[in-house]
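Hello,

Here is the structure I said I would pass on. My notes on it follow below.

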Amino acid sequence: MEDTTKVSYYSRKILFVILILILAVVAILGVAVGFHAFYYETFYVFGDSMYPTFHGVDPVNGGEGYFGIMDTHRLAHTKINRFDIVVSYYPWEEEDYAQPYTVGDEPLESAKYEVSRVVGMPGDTLKIENNKIMVLNEETGLYEEEVPYYETNISEGTLINTEPITLGEEEYYVMGDNYDDGIDSASVNEPIHIENIVGTAVAMEGIANLEFTDEGINVLSKKFNMLMVF
C-alpha cells in the first residue's frame, strides 16, 4: 500500500512538472507571436533584382515570391552594417510596381520600396571598375576590391563603370544581388539617404502568392516554409 502511495505521489509530481513546462512553452510562444505581430512589419520581394538570393513576385502578373519581416524602428537604422539587406525607396524612381509604404501617418507620395543590399557605408569613397566594387582605403590611398560574403550567390552580370563617389554622413550605396536587373545606386551612381530606408530586413519567412488589383496588393496565401535570419 505504501509503495502504491509513493508511485501515485511521484506520478502527480511528474504530471505537474509536465504541465508547468507546457504552460511555459505556450506563454513563450504567445509572447513571440505577439512581438512578431506588433514590432515588425512584413515586406515582399518584387522582381528579379535580388535573384538568386531571393525569388521575387512577378511585378506585372503577380504570383509567388519571398516575404519576410523588417524592423522599421529608428534604432535599427542606426545599426546598419555593410551587406545588410534593407527595404527602401529610391528617390530617383518615377514609376514602380510596388505599393508605397507610410511612415507614421504620412504617406510617401510616389515613393516605392525596393529590397537591396548595402555595399557602401557613410564616409566611403567607392567606384565600380571592371565589374568590381572598389572602396578607397584611406590609409594606403588605394582602391581595394570589396568582396561580398555572398558573392557566390550573385548571378553573372555586368556593372557599368562609375566615377568615384564619396558618401555623406547618412548616405548608403545600395545594390541588388542581380547585377543585370533593376535600378539601384550602381545604375545611377547615387546613394540613398537614411531617410529613404523604410526598414532593415530581420528574416525571410516564406513564400507569398500575390495579385495586383486597383486597390493595391491582395495577399492570396502565405506559406511559412523557411526561416532565413539576417
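In the protein chain, 69% of the contacts with a separation of 6 or more are between residues 24 or more positions apart. Please keep in mind that this is a predicted model. The chain has 14 strands and three helices. Of its 230 residues, 40% are buried. The accessible surface comes to about 13,500 Å², and carbon and sulfur atoms account for 55% of that.

Salt bridges

The structure holds six salt bridges. Three of them are described here.

One is formed by Glu64 and Lys223, whose closest N and O atoms are 3.8 Å apart. Glu64 belongs to strand β2 (residues 63–71) and Lys223 to strand β13 (residues 216–223), so this pair links distant parts of the chain, 159 residues apart. Both ends are partly exposed: the relative accessible area is 47% for Glu64 and 44% for Lys223.

Another joins the side chains of Arg74 and Glu195, at 3.1 Å from N to O. Because Arg74 lies in helix α2 (residues 74–77) and Glu195 in the loop between β11 (192–193) and β12 (197–213), the pair ties together parts that are 121 residues apart in sequence. Arg74 is partly exposed at 44% relative accessible area, and Glu195 is partly exposed at 47%.

Asp177 and Arg117 form a further salt bridge, with 2.8 Å between the closest N and O atoms. Asp177 sits in the loop between β10 (171–175) and α3 (185–188), and Arg117 in strand β5 (residues 106–120), so the two tie together parts 60 residues apart in sequence. Are the residues of this pair buried or exposed? Asp177 is buried, and Arg117 is buried as well.

Nonpolar cores

The largest nonpolar core has 20 residues, and the members that touch the most others are Phe43, Tyr44, Val45, Phe54 and Val115. Two or more residues each come from β1 (41–44), β2, β3 (85–89), β5 and β12. Strand β12 gives the largest share, five residues.

Apart from this core lies another, of 12 residues, which includes Leu126, Ile128, Tyr173 and Ala186.

Thr200

Thr200 is located in strand β12. With a relative accessibility of 11%, Thr200 counts as buried, because the cut-off for that class is under 20%. Which residues does Thr200 touch, not counting those up to four places away in sequence? They are Ile69, Met70, Asp71, Ala76, Ile80, Ile85 and Val86.

Surface patch

Phe16, Val17, Leu19, Ile20, Leu21 and Leu23 form a nonpolar patch on the surface. Together these residues have about 580 Å² of accessible area. Phe16 lies in helix α1 (residues 2–39). Its relative accessibility is 52%, and Phe16 counts as exposed because the limit for that class is over 50%.

Regards

Note on methods
Residues are numbered from 1 along each chain as its sequence is written. This is a predicted model: local features need pLDDT of at least 70, side-chain atom pairs count only at pLDDT 80 or more; totals for chains, interfaces and linings use all residues. Side-chain values use heavy atoms; hydrogens and water are left out. Helices (H or I, at least four residues) and strands (E, at least two) are DSSP runs, numbered from the N terminus. Buried means under 20% relative accessible area, exposed over 50%, partly exposed in between (1.4 Å probe, protein chains only). Contact means heavy atoms within 4.5 Å. Accessible areas come from the Shrake-Rupley method with a 1.4 Å probe; for residues, only the protein chains shown count as cover. A salt bridge is a side-chain nitrogen of Lys or Arg within 4 Å of a carboxyl oxygen of Asp or Glu. Patches are made of residues with over 30% relative accessible area and no salt bridge: like charges are joined within 9 Å, nonpolar side chains (Val, Leu, Ile, Met, Phe, Trp, Tyr) within 5 Å. A nonpolar core is a set of buried Ala, Val, Leu, Ile, Met, Phe, Trp, Tyr and Cys residues joined through side-chain atoms within 4.5 Å.
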